[in-house]
Amino acid sequence: MTSNKLAARPSPKVSDEVRKTTCYMCACRCGIDVHLENGRVKYIEGNRDHPVNQGVLCAKGSAGIMQHYAPSRLRAPMKRVGPRGSGEFEEISWDEAYSIAESWLKPIRETAPEKLAFFTGRDQSQSFTSLWAQAFGTPNYAAHGGFCSVNMAAAGIYTMGGAFWEFGQPDWDRSRLLMIFGVAEDHDSNPIKIGIGKMKANGGKIIGVNPIRSGYNAVADDWIGITPGTDGLFILAMIHELLKAGKIDLNYLCRYTNAGFLVNTDDSSPEFGLFLRDTDGKALIIDRTTGKTAAFDAKGITPDLAGQIRKAGITYKPAFQLLAEKYLDPAYAPENVAEKCGLTAEKIRATAAELARVAFDEEITLDIPWTDWKGEKHDKMTGRPVSFHAMRGISAHSNGFQTCRALHILQILLGSVEVPGGFRFKPPYPKPPESHPKPHAGAQPGKPLDGPHLGYPLGPEHLLLNDDGSAKRIDKAFTWENPFSAHGMMHMVISNAYAGDPYKIDTLFMYMANMAWNSSMNTSEVIRMLTDKDESGEYVIPHFIYSDAYSSETVAYADLILPDTTYLERHDCISLLDRPICEAEAAADSIRWPVVDPDRDVKGFQSALCDLGARLDLPGFVNKDGSQKFADYADYIVSHERRPGVGPLAGFRGPDGDKNGRGEPNPNQIEKYIENGGFWINHIPENAQFMKPWNQNYQDWAVEIGIFDAPAPYVFNLYLEPMRKMQRAAEGHGEIQPPEHLRDQVKATMTPLPEWYEPLEEAVTDKDAYPLHALTQRPMHMYHSWGSQNAWLRQITGVNKLYIPGTLWDANGFGEDDNWAYVTSPHGRIKCQVARMDALNENTVWTWNAIGKKRGAWALAEDAQEATKGFLLNHLINELLPPKGDGRRWANSDPVTGQAAWFDLRVRIEKAPPGGPTEPMLMASKSPVGVGPKNIAYGEEF
Ligand code: SF4
């Protein structure tokens with residue numbers, strides 16, 4: 001130890017300043033302390049006071065420094081100078097970039113605003129970007145939910161007014177049993193890790209349901225390696241068992257659900273399957289005391305959940321009775337579903353019994369008096385300490401909506417939603433479908449759209465159809481192909497625009513969505529569509545504007561690039577109007593702010609939209625005198641009011657910053673957030689923290705802080721009448737009916753009680769030719785492709801392999817090392833490396849998502865392992881199903897919501913000659929930012 005360089009430095013000075021902001025290395029939005037020295041980022045740690053992570057920082061979060069200094073960062077606006085895909089660009093000024101964008105966008109706004117398709121990816125500013133799109137007047141706007149997890153979101157909202165994800169959480173302190181379905185490790189990372197840690201410390205049990213035992217499933221006490229696409233059947237079999245055993249919380253069902261609503265059971269009646277309603281439109285129940293009908297919300301009544309009543313010759317039965325009759329059918333008995341699910345009947349029975357045991361034998365009570373929505377006072381809160389969490393694994397199937405609905409019904413039957421120990425909503429949820437907007441697509445030249453783009457249809461009258469039945473939106477959302485497509489269908493935009501079906505567009509404008517690579521089903525085809533020219537020699541999709549912070553694959557295919565900042569250089573609001581950081585006991589929101597100044601000619605995308613909005617004279621983006629209204633996104637965050645007194649940030653409102661939730665704009669609001677550590681939190685009173693949909697105290701608190709303008713109590717939907725209305729139209733009722741070729745699909749899939757059906761791709765695929773299911777997951781240390789250019793995270797996973805179960809490994813004669821396979825689907829073939837994994841469903845293969853990269857992207861060397869050994873399963877997937885032989889091509893999506901059915905993929909594998917590279921190997925693009933250095937050292941230069 002002679003050299004000073006090697007001498008130990010026990011307490012080196014880390015930094016000369018700490019700035020608190022919000023992490024953006026995944027969707028969790030943890031609070032971070034960014035240590036700076038001479039204006040450069042030295043170190044990132046967790047903010048101990050922050051409600052989301054309480055100081056915990058994950059590998060992704062601490063690697064943010066390498067994200068910020070990544071060589072792949074875009075440096076300035078660029079215009080394409082070579083052919084699309086070549087990667088040849090010229091850096092230009094912002095003024096020139098805006099002028100180009102204006103020259104494309106102004107004429108179409110004045111003549112046909114629908115010719116702009118504006119879609120954003122995994123950003124968290126959708127309340128702002130949707131406002132911009134509304135002001136422009138195009139109906140073609142959405143974010144990425146359609147290819148992510150709209151099934152989960154929509155099933156949650158329709159069934160119980162809220163969903164999993166960041167919109168709710170288990171009661172980590174009291175839950176005794178947590179069951180997780182299809183949960184990937186990259187989303188909801190720190191909060192789940194902290195929660196699972198708490199549960200384990202308290203002696204709670206975790207059951208993981210997933211074909212793959214990795215991540216949270218690896219630390220679960222029990223792993224159920226289910227066959228992909230059969231979760232719904234497994235759940236309905238457990239419901240069968242609970243009904244048989246009488247392990248149902250009837251009191252909860254009577255009070256808080258539509259279990260007692262009377263349903264018309266006369267199949268010759270035009271109202272068949274709809275609720276019996278009074279003259280005010282209120283659903284009726286049978287009052288158990290009088291035996292007569294009464295409005296469901298009348299005081300002092302208890303609905304009968306069994307029996308029937310006849311009125312005007314029609315028999316009506318409570319919804320719960322229909323539910324019980326349906327799921328007690330032997331078709332749902334464990335022994336009749338077990339083989340399909342890849343489980344044993346004993347396992348299904350034992351799991352149902354365990355749920356029932358914990359829910360009912362370990363009932364808990366909190367001595368907290370509360371008042372319900374009918375004014376009835378209760379001296380305690382009863383809890384059932386069973387909770388659930390689920391994610392994309394059950395959502396990204398073509399039967400995903402009904403599977404998610406089935407899971408919520410299971411939770412509700414156990415009485416474990418919004419009770420101590422169960423699943424709890426985070427503000428601004430719960431919020432029933434009736435309280436959400438309805439979708440709008442009324443476009444007129446030179447005018448804003450007639451309302452918000454997205455929403456929750458309650459019947460055929462809310463679909464976005466022209467008089468001839470054609471789609472109003474480019475992605476065909478809210479049509480009979482997918483009536484409840486609440487998040488739009490970003491994955492269909494490029495192929496529909498290319499086909500000119502339902503119409504051609506002029507400009508594709510996208511933000512932060514890698515559609516030319518891992519965000520598209522059918523990657524190679526999407527690249528072809530973006531580069532194909534028509535007979536006049538012009539690109540079929542004439543203009544493509546793209547904004548990203550990094551040189552992702554999609555950059556090379558755009559005509560104009562608006563370079564975004566890194567997350568440490570930007571303003572953001574994590575807003576109650578969007579996807580906030582609330583807890584079950586508190587409303588909370590937070591900001592990002594430029595903790596370092598950009599050293600490139602880049603601009604936060606939202607600030608660029610403020611500039612562009614003003615240049616285009618968009619209403620809301622210019623003052624009366626025509627000057628620009630919002631100087632930048634920070635100005636919008638502080639001064640915009642969605643409703644009087646309610647803006648993007650709920651904290652520190654009013655001229656003095658002392659108002660919570662509602663209050664006049666505060667010009668110093670962002671400074672107040674910075675002083676407070678980057679966030680604001682407002683705790684829900686103790687007597688309002690549970691039973692939120694029915695708790696008067698919660699409803700009053702929600703009105704006070706601006707979540708609602710008036711109390712909005714409601715009941716959960718076991719039986720979903722809006723689905724029945726769609727089905728009824730398919731049966732030939734009403735003025736708006738599906739076209740002939742879709743009638744059977746609507747009838748079969750829009751069932752008001754969840755029905756399990758075989759995933760659509762499986763139903764049309766030769767299972768002997770393609771015997772395996774193929775899945776992807778995101779690694780815990782990366783979030784989508786965001787980790788790909790990160791020098792630290794690349795070292796953890798720079799190559800992905802296809803994991804295959806031991807039986808298949810042996811059957812194919814794979815050996816000790818350098819094992820390669822061809823993987824073939826009905827759509828294509830890839831070559832990749834394989835590895836053995838025994839903690840895997842025996843009919844399933846899988847790999848990490850988005851590790852494989854295209855040559856020339858992300859400032860990686862052309863021979864980088866991500867490009868030569870990494871691979872994408874996307875090449876095997878198509879946004880259309882294999883032909884059924886009926887002359888039509890059907891979407892590879894959930895027929896209820898349009899969710900991309902990534903996980904329905906079927907493949908076969910064969911041993912391939914050893915050695916790479918992976919196939920297909922697409923043509924390299926030129927990197928517009930050059931190639932990063934071979935080594936990036938964390939040292940003095942940082
Ligand atoms: S969990 Fe996500 S938000 Fe939190 S520190 Fe990790 S990467 Fe950042």
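1. In what follows, Ala, Val, Leu, Ile, Met, Phe, Trp, Tyr, Cys and Pro count as nonpolar, Asp, Glu, Lys and Arg as charged, and the others, Gly among them, as polar. The structure under review is a predicted model.

2. The surroundings of the ligand deserve attention. Its shell is made up of Cys23, Met25, Cys26, Cys28, Arg29, Cys30, Leu57, Cys58, Lys60, Gly61, Ser189 and Asn190. Two or more of these residues come from each of the elements α1 (59-62) and α6 (189-201). Sorted by class, the shell holds seven nonpolar, three polar and two charged residues.

3. In general, strands of a sheet pair through backbone hydrogen bonds.

4. Within this sheet, three bridges join β15 to β16 (residues 314-318) in the antiparallel sense. Arg310 has Thr315, in β16, as its bridge partner.

5. How many residues of helix α5 (residues 150-160) are buried? The count is eleven of eleven, and the helix is described as mostly covered. Among the buried residues are Val150, Asn151, Tyr158 and Met160. The buried residues of α5 pack against β21 (386-390), α13 (392-395), α14 (400-413) and β22 (423-425). After α5 comes Gly161, with a positive phi near 80°.

Note on methods:
Residues numbered from 1 in each chain as written. Predicted model: local features only at pLDDT ≥ 70, side-chain atom pairs only at ≥ 80, totals over all residues. Heavy atoms only, no water. Near = heavy atom within 4 Å. Helix = DSSP H or I, 4+ residues; strand = E, 2+ residues; numbered from the N terminus. Pairing = 2+ DSSP bridges. Buried < 20%, exposed > 50% of the residue type's maximum accessible area, 1.4 Å probe, protein only. Contact = heavy atoms within 4.5 Å.
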